[in-house]
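Here are my notes on the model you sent.

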Amino acid sequence: WLKCSRRGPNRDPGFTSVRGMADVAPTDNYGAWLKFAPSCMSDAQWEVAAETPEAVLSHRSCPWGGHLIKIDSKSIFIQQAPEDPTSVMVRPEVRAMVPPGLGRASGCEVDLQHLETYAPGDALIHRRNSMWILRLGAVLFGSGRHASEDRIYHKFPVSSQHRLYKDFPEPGDCTYFALEGFWTMRRVPGSVSHYRSVLVFNTPEDKWATWASPFYPGFTNMFHKVADKVLNGPTIRDLRATDANMYSVLTLQSFNRGHPMVPQSKPCEDSVTVAAGEHLGLVSWTRFKSDEKFHLSGYMRCFMERLGHQLKTYEVMDGRKLVNYQCVVVRQEWEQLRTSFYQAFKVQKAAYRHGNGGSKSPSLTEDASPRFLPGVHQGELQAPPKLFNTTVRKTFVELEEERPKRSTHLKRSLSTGEVMTCFV
């Protein structure tokens, strides 16, 4: 539904040019955020600026530069809360499925477009928003030389990488990262429907506006209400249902006698011939990368390519790497190709038994429970996004070639809008 292309100055005159991403925060701080985020769930080393019955606004210096602001809502009631607490937020690529204009119609003034998925829960999102709460934040937390309409609430389109991590920083938590900030949801102990909400974002200068102190309690209370509205919006329950069914985890079993086989166009010295595959044109088979460690993601892509199909597979899901015998596929794409796969895979099983002896052969399981490698969540970027000027018409986005920067003094973007608006 989204078409992206690169065009130079001679673009289609039928397109209406809009301003693109002029100011972007560095994207190499994901690792720092991952290490720092768990400590943000504690009040230690944070200075309270405002406290209301619903939420607390606090701040502190940022270890890697600038200033940090935290808004901690102790309890937000989630209507029809999901059974799995990590599913209270939806992945960015699913959130962008909201039809253009629906956000503005509900008073939130947000449009999202999905540009690319790097892995489930990791996507490049193109968005435009001008939420009133973010305009207010620009005034309270911006400085004189940094306050402008494209700083916090981004009236003009911005493209950036968004990530959803599940079971982070603790099991049962879910955390959404976007540029210089994150939003964590944690179910309140003993409750099914109440969640603690912690939003943390970075400002470019290590300063705090004491002049705005009288306004902080009102802002904190209003932000709590906005968070409640975001988490109980008119589309969020449908999006959670879509998100839960978006992907399927595949598991390969019973291949302890060696790597499974893939079809081969011409026989070779180590190939296996199976007459049962003649009707499919799959007579010759060879072992898949026998000299390398097996990864189901690469095997499924190779297998389907040999059949003349393209299948996207992923090894990382919601920030964690799967074990080597599992991978993730988009359910809709898989359902279109699964019949062709199983017809050929049945022949593969015969080739495997013929080449190895015995009666056992690999089997594939769909909708398996994901199993992750032990260790921390993935911190590196899959593909660092570049700066693009954009041209938009309806659901089409044109990406222009990079041009020299207009100023040598680029400003870092405050990320309140990045983290908040992806849920509206």
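How many helices and strands does the protein chain have?

1. The protein chain has nine helices and 22 strands. Both are DSSP runs numbered from the N terminus, helices being H or I with at least four residues and strands E with at least two. The model is predicted: local features need pLDDT of at least 70 and side-chain atom pairs count only at pLDDT 80 or more, while totals for chains, interfaces and linings use all residues. Residues are numbered from 1 along each chain as its sequence is written, and side-chain values use heavy atoms, with hydrogens and water left out.

2. Of the 424 residues in the protein chain, 53% are buried (under 20% relative accessible area; exposed is over 50%, partly exposed in between; 1.4 Å probe, protein chains only). The accessible surface of the chain is about 19500 Å², and carbon and sulfur atoms hold 51% of that surface; the areas come from the Shrake-Rupley method with a 1.4 Å probe, and for residues only the protein chains shown count as cover.

3. Among contacts (heavy atoms within 4.5 Å) with a separation of 6 or more in the protein chain, 72% are between residues 24 or more positions apart.

4. Strands count as paired if DSSP finds at least two bridges between them.

5. Strand 12 (residues 247-253) has six of its seven residues buried. Five bridges link strand 12 in the antiparallel sense to strand 19 (residues 326-330), where valine 328 is opposite valine 249. Three bridges, also antiparallel, link strand 12 to strand 20 (residues 363-365); leucine 364 of strand 20 is the bridge partner of leucine 252.

6. Strand 19 also pairs with strand 16, antiparallel and through two bridges. Threonine 313 has valine 329 of strand 19 as its bridge partner.

7. Is histidine 259 buried or exposed? Histidine 259, in the loop between strand 12 and strand 13 (261-264), counts as buried because its relative accessibility is 13%. A polar atom of the histidine 259 side chain lies 3.4 Å from the backbone oxygen of glutamate 292. Leaving out residues up to four places away in sequence, histidine 259 touches several residues, including Arg287, Phe288, Phe294 and Tyr352.

Definitions and conventions. Polar contact = N/O pair within 3.5 Å; in protein donor to acceptor, adjacent residues only side chain to side chain.
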